[in-house]
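Here are some notes for a colleague opening this entry for the first time.

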Amino acid sequence: MKKQGIRFAAVIAAMVVAGCTHVNHLRNAQDDFNRAAEAENRLRFDSAESYSQTTLTAWNTAHSGYRSALAGLEELNGKEIAKLKNDGLWGTALTLKAMSQWRLGQFDAALKTAGEAEQSAANQLYPRDSALLAALPGLIKTDQGFSKLENNSGTFADVKELLVGSKGAVADIEKARKKVGKIHPVQGYLIQAQLAAYRNYTVAVYRLTESKIVPPDDPAKAAAQKQIQQLHDLYKDLRMQSDETNALVSYWVKVCALTLPQI
């Protein structure tokens, strides 16, 4: 089963321009991350049956990009870090580092970096960055739930709690969403992150229960349906409705077995 993807490049948007060496290091890491994210995004509509050598190459390209982004940030020396702090860019750098670590499966390191950002760069975190860092525990729980499904290493109760429980992925990301306004662009990413967690929950129901489908009265399903509507409304409010964004909403409706939002 393929892990459900969510868009990244529009989230870690360019916040810096080429200039001094320390800024160029950050810009290069940002570019590497965005290229990796775009490689993942291109695989969004691929079905499991369409896997090929080309698909494998794309995944390898994505991971290589995340590794390159992380390596560039880890190579920053003390003088360069001091300059980034002076320029108000240290929060951006730490957010990018934490997200890269997460994409590479370095969960403990990602949480540690997020904690460092809150401690040493709290006054330099954009609302977007603050929301992403707050969402990290939920993003990690989504991956952990997926891993348990892939490796047959957890019970249904375990996976359900990780994904849609009161302290699960969806709940964590919901808290993170409160750090930005209702029509902030990062909301689109965070809503999709919630839907990705719910999608993995539907797979858990299919694989680990006799019912095979999420019951109509399941609160997690009601929440996901609400998120579908919110995703549609967000793009409408941002005047971003297009064939691409409509296809994106339809994609989540399909993979989550939900109904189309009200127009």
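1. Two residues are in contact when heavy atoms of theirs lie within 4.5 Å. The model is a predicted one, and the points below should be read with that in mind.

2. Start with the pairing of α6 and α7. Lys 141, Thr 142, Gln 144, Gly 145, Lys 148 and Leu 149 are the residues on the α6 side, and they meet Val 159, Leu 162 and Leu 163 of α7. Sorted by class, this contact holds four nonpolar, three polar and two charged residues.

3. How do the two helices lie relative to each other? Helix α6 covers residues 127–151 and helix α7 covers residues 156–164; their axes come within 8 Å and cross at roughly 160°. Angles over 145 degrees count as roughly antiparallel, so α6 is roughly antiparallel to α7. The crossing of α6 with α7 is left-handed.

4. Helix α6 also packs against helix α5, which spans residues 107–120; here the axes are 10 Å apart and the angle is about 165°. By the cut-off of 145 degrees, α5 is therefore roughly antiparallel to α6. The crossing of α5 with α6 is again of the left-handed kind.

5. Which residues form the contact between α5 and α6? From α5 come Phe 107, Ala 110, Leu 111, Ala 114, Ala 117 and Glu 118. From α6 come Ser 130, Leu 133, Leu 136, Pro 137, Ile 140, Asp 143 and Gln 144. By class, the α5 and α6 contact has nine nonpolar, two polar and two charged residues. Gln 144 is listed in the contact with α5 and also in the contact with α7.

6. For the chain as a whole, the secondary structure comes to 11 helices and zero strands. Read from the N terminus, the order of elements is α-α-α-α-α-α-α-α-α-α-α. The chain has 263 residues, and 48% of them are buried. Its accessible surface comes to about 12900 Å², with 53% of that belonging to carbon and sulfur atoms.

7. Contacts can also be sorted by separation along the sequence. Taking those between residues at least 6 apart, 70% join residues at least 24 apart.

8. Gly 91 sits in helix α4, residues 90–103. Is Gly 91 buried or exposed? The cut-off for buried is under 20% relative accessible area; Gly 91 has 0%, so it is buried. Leaving aside residues up to four places away in sequence, Gly 91 touches Ala 121, Gln 124, Leu 125 and Asp 129. Between the C-alpha atoms of Gly 91 and Glu 116 the separation is 9.4 Å, while along the chain these two residues are 25 residues apart.

9. Lys 212 is not a glycine, yet its phi is positive, at about 75°. Lys 212 lies in the loop between α9 (186–208) and α10 (219–237). Its relative accessibility is 39%, so Lys 212 counts as partly exposed.

10. Ala 257 is the other one: its phi is positive at about 55°, although Ala 257 is not a glycine. Where is Ala 257 found? Ala 257 belongs to the segment after α11 (243–255). The cut-off for exposed is over 50%; with a relative accessibility of 54%, Ala 257 therefore counts as exposed.

Methods:
Residues numbered from 1 in each chain as written. Predicted model: local features only at pLDDT ≥ 70, side-chain atom pairs only at ≥ 80, totals over all residues. Heavy atoms only, no water. Helix = DSSP H or I, 4+ residues; strand = E, 2+ residues; numbered from the N terminus. Buried < 20%, exposed > 50% of the residue type's maximum accessible area, 1.4 Å probe, protein only. Axes fitted to C-alpha atoms, helices over the stretch in contact; angles between N-to-C directions. Parallel < 35°, antiparallel > 145°, perpendicular 65-115°, else oblique. Left-handed = near helix turned anticlockwise from the far one by under 90°. Nonpolar A, V, L, I, M, F, W, Y, C, P; charged D, E, K, R; others polar. Areas by Shrake-Rupley, 256 points an atom, 1.4 Å probe, with all protein chains shown as cover.
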